Amino acid sequence: MQVYLVGGAVRDSLLGLPVKDKDFVVVGAGFDTIKKLGFTQVGADFPVFLHPDTHHEYALARIERKNGVGYQGFSTQTKSVSLADDLLRRDLTINALAIEVIGLFDDTPTTGEVIDLYGGLTDLSNKTLRHISPAFTEDPLRILRTVRFLARYFEQGFKIADETLTLMQTMAKAGELSQLSRERIWAESIKTMQTGTAHHYWQALKTLRILPYLLKELDDHWQNDSIFNQIIHDLSLAKNHTIAVQFAIMCGGHLGDDTTNKTLIQKIANRLNTPNYPVQIATLLTEFHAIFNKTPNANDIIRLIEKTKAHQGEQRTLNDVIMTIFIVTKKPIISKNQAMTLLNDAINTYKSVGIHEIDPSLKGKEIGMALTKLRLSKLQDTLNEHVNDA
């Protein structure tokens, strides 16, 4: 049995970047051998196991052959598979580097020599993303993975090899991206947001002419260079913020007609299988993006409070909406900190209004209308105090 550290851990260590996860390939072992040693299998038939102590992934060396449609349309062979066979099935040459380690329970390198069978070291040195073999075409997710790596290493000056880019564009034009499940597309999108590279990712999809085959509605929206450049710039400012904030900015809900934007947001969300919360923030941005371009009025503030449920203690939604607003608003009349102070005072004012303060003879809808009127009056007084203090 031989065990090898493979993939991203080798690649990133050579680039001098932090290694977050370690993946290993095991050559010369079977399912039963790994299980008896206490490893937990991932999936009923998939030859990947979690280490009992470190929880790193250990995969049996395997060959995958396309025999159907989609990412599940593969047959897997693990018997008599070499390291060379296993590395050949990978996507990019820089992801097919390996280092032999002592064993399953000791990942100390035996010699430290990097095993490079497909030119990965040269491509890493030249900062080139290149596919290993024609098998790249068997999984259209590799198009998005390659763009994600381009975004991730954009600051290091990486580029996609011409022949790989041509292959990616050919696959996209052939409709291969339509085979991807929405879950897989969203998963790739999340990874770019988590690493703070979403601005590079979406910019690359657009400039490499892949976006029309992935999200045509978004590509159509971005035909306006002014809108496209503004969104990419705002995404770069949001790179350290939540997925919801980044998604809202990507949808461009602060640019254009509100009704059109809400329709676009829903189409993007449907294609990406976006969870409800980021969609909620994007929709709220569409409605409230200009609230601090002028002195806010009580009616706007009360709607913001109620739609974010801030009066019910839901602070996260309000925080994300405000954060997003102040990223996309270029000339607000107050600062973000001033806005939050104002809103906190407004929330307290809103919550202070009780039914005992209105006419007890009122019934039904009249009660709600009277409470709203009183809240608006008191909120306006609070706003006036902040304006005078400013």
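A residue is counted as buried when its relative accessible area is under 20%. The legends below describe close-up views of a predicted model.

**View A. Leu141 in helix H5.** Leu141 lies in helix H5. Its relative accessibility is 9%, and Leu141 therefore counts as buried. Apart from neighbours within four places in sequence, the contacts of Leu141 are Leu180, Arg184 and Glu188. Thr40 is 101 residues away from Leu141 in sequence, and the C-alpha atoms of the two residues are 27 Å apart in space.

**View B. Packing of helix H5 against helix H8.** Two packed helices are described by the angle between their axes and by the distance between the axes. Helix H5, residues 141–152, packs with helix H8, residues 198–207, at an angle of about 125°, and the axes are 8 Å apart. H5 is therefore oblique to H8. The crossing of these two helices, H5 and H8, is right-handed.

**View C. Residues at the contact of H5 with H8.** From H5, the residues Leu144, Val147, Arg148, Leu150 and Ala151 meet His200, Tyr201, Ala204 and Leu205 of H8. Sorted by class, the contact of H5 with H8 comprises 7 nonpolar residues, 1 polar residue and 1 charged residue.

**View D. Helix H16 and its buried residues.** Helix H16 covers residues 336–352. Its 17 residues, at 1.5 Å a residue, should span 24 Å, and the end C-alpha atoms are 24 Å apart, which agrees. Buried in H16 are Ala339, Met340, Leu342, Leu343, Ala346, Ile347, Thr349 and Tyr350. An α-helix has 3.6 residues a turn, so residues three or four places apart point the same way.

How values were computed
Residues are numbered from 1 along each chain as its sequence is written. This is a predicted model: local features need pLDDT of at least 70, side-chain atom pairs count only at pLDDT 80 or more; totals for chains, interfaces and linings use all residues. Side-chain values use heavy atoms; hydrogens and water are left out. Axes are lines fitted to C-alpha atoms, for helices over the stretch in contact, and angles run from 0 to 180 degrees between N-to-C directions. Helices (H or I, at least four residues) and strands (E, at least two) are DSSP runs, numbered from the N terminus. Angles under 35 degrees count as roughly parallel, over 145 as roughly antiparallel, 65 to 115 as roughly perpendicular and the rest as oblique. A crossing is left-handed if the near helix is turned anticlockwise from the far one by less than a right angle, and right-handed if clockwise. Contact means heavy atoms within 4.5 Å. Ala, Val, Leu, Ile, Met, Phe, Trp, Tyr, Cys and Pro count as nonpolar, Asp, Glu, Lys and Arg as charged, and the others, Gly among them, as polar. The expected span of a helix is 1.5 Å times one less than its number of residues. Buried means under 20% relative accessible area, exposed over 50%, partly exposed in between (1.4 Å probe, protein chains only).
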